[in-house]
Amino acid sequence: CVFRRRRHICIRGRNIYDPYSSYFGRGVWVASDASFTLWRGKIRNVWANTSSYASSGYYNGGGVYVTGGKFIMNGGSISKATSYKGNGGGVYVDSGEFIMNGGTITGCKAVNGGAVYFRTGKITLNGGAITNSKATENGGGVYINSVSASSVWDSSSRNYIYTYVPAAINNVAITGNSAVIGGGMYVNAPTTLNGTAITGNTATE
């Protein structure tokens, strides 16, 4: 499914499953100012492969790929989603916004960010669970690479002053995930945690 250019889609009690692909976002691809809301549906057994597109990096986001749009997860589940040789087995955010208010992301696999890989943009996790996912490198549950920022020109220093919007992870259960580094989370950008349980995760280094 591809949603783009100001389309607003809501899925309640429907399933998306088994859509094999040669490139990114095989469950759902949210692009170009579109928004996608998942309530009670399931996205499962989906994956991004590494065919001729692999050299361009188009193998991220087995479940949901977000670039310039907004993905809101209020319930439902993303399960057994895989990015072969790519990042973000369950959800990959290249830009745009990901809000998770509930639901479960579980049993996903990728190189980095087994369940969720956040490259840049805005991420707010307010509830739900991220469980039993695996990264062959870093961030079995969640990998946060960068966050959005605004800039203001400072004439006195003749430099831009950047203000970053931290990733917010509140009241989320991150459990049973594994990776080489950061079994539960791998964080490389400003991030706030509030009431989040990160337990039972494993890392080999």
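Accessible areas come from the Shrake-Rupley method with a 1.4 Å probe, and for residues only the protein chains shown count as cover.

The model is predicted: local features need pLDDT of at least 70, side-chain atom pairs count only at pLDDT 80 or more, and totals for chains, interfaces and linings use all residues. Residues are numbered from 1 along each chain as its sequence is written, and side-chain values use heavy atoms, with hydrogens and water left out.

**Overall fold**

The protein chain has zero helices and 30 strands. Helices (H or I, at least four residues) and strands (E, at least two) are DSSP runs, numbered from the N terminus. Of the 205 residues, 48% count as buried; buried means under 20% relative accessible area, exposed over 50%, and partly exposed in between (1.4 Å probe, protein chains only). Among contacts in the protein chain with a separation of 6 or more, 78% come from residues 24 or more positions apart, where contact means heavy atoms within 4.5 Å.

**Aromatic pairs**

The whole structure holds eight aromatic pairs. Rings of Phe, Tyr and Trp (its six-membered ring) pair if their centres lie within 6.5 Å; planes under 30 degrees apart count as stacked, over 60 as edge-to-face and the rest as tilted. Two of the pairs are as follows.

| Pair | Centre distance | Plane angle | Class |
|---|---|---|---|
| Trp29 and Tyr65 | 6.3 Å | 85° | edge-to-face |
| Phe36 and Phe71 | 5.3 Å | 15° | stacked |

Trp29 is in strand β5 (residues 28–31) and Tyr65 in strand β9 (residues 64–67), so their pairing ties together parts that are 36 residues apart in sequence. Trp29 and Tyr65 are both buried. They also belong to one aromatic cluster with Tyr92, Tyr117, Tyr143 and Tyr186.

Phe36 belongs to strand β6 (residues 35–38) and Phe71 to strand β10 (residues 70–73), so this pair ties together parts that are 35 residues apart in sequence. Phe36 is buried, at a relative accessible area of 0%, and Phe71 is buried with 0% as well.

**Loop residues**

Lys85 sits in the loop between β12 (82–83) and β13 (91–93). Its phi is near 60°, a positive value in a residue other than glycine. Lys85 counts as exposed because its relative accessibility is 66%. Asn132, in the loop between β19 (129–131) and β20 (134–135), has a positive phi of about 50° although it is not a glycine. With 51% relative accessibility, Asn132 counts as exposed.

Asn60 lies in the loop between β8 (47–48) and β9, and counts as buried at 9% relative accessibility. A polar atom of the Asn60 side chain lies 2.7 Å from the backbone nitrogen of Asn87.

**Surface patch**

Trp153, Tyr160, Tyr162 and Tyr164 form a nonpolar patch on the surface, with about 500 Å² of accessible area together. Like charges are joined within 9 Å, and nonpolar side chains (Val, Leu, Ile, Met, Phe, Trp, Tyr) within 5 Å. Strand β23 (residues 159–164) gives the most to the nonpolar patch, with three residues. Tyr164 is in strand β23 and is partly exposed, with a relative accessible area of 46%.

Methods: Polar contact = N/O pair within 3.5 Å; in protein donor to acceptor, adjacent residues only side chain to side chain. Patch = residues over 30% accessible without salt bridge, like charges linked within 9 Å, V, L, I, M, F, W, Y side chains within 5 Å. Salt bridge = Lys/Arg side-chain N within 4 Å of Asp/Glu carboxyl O.
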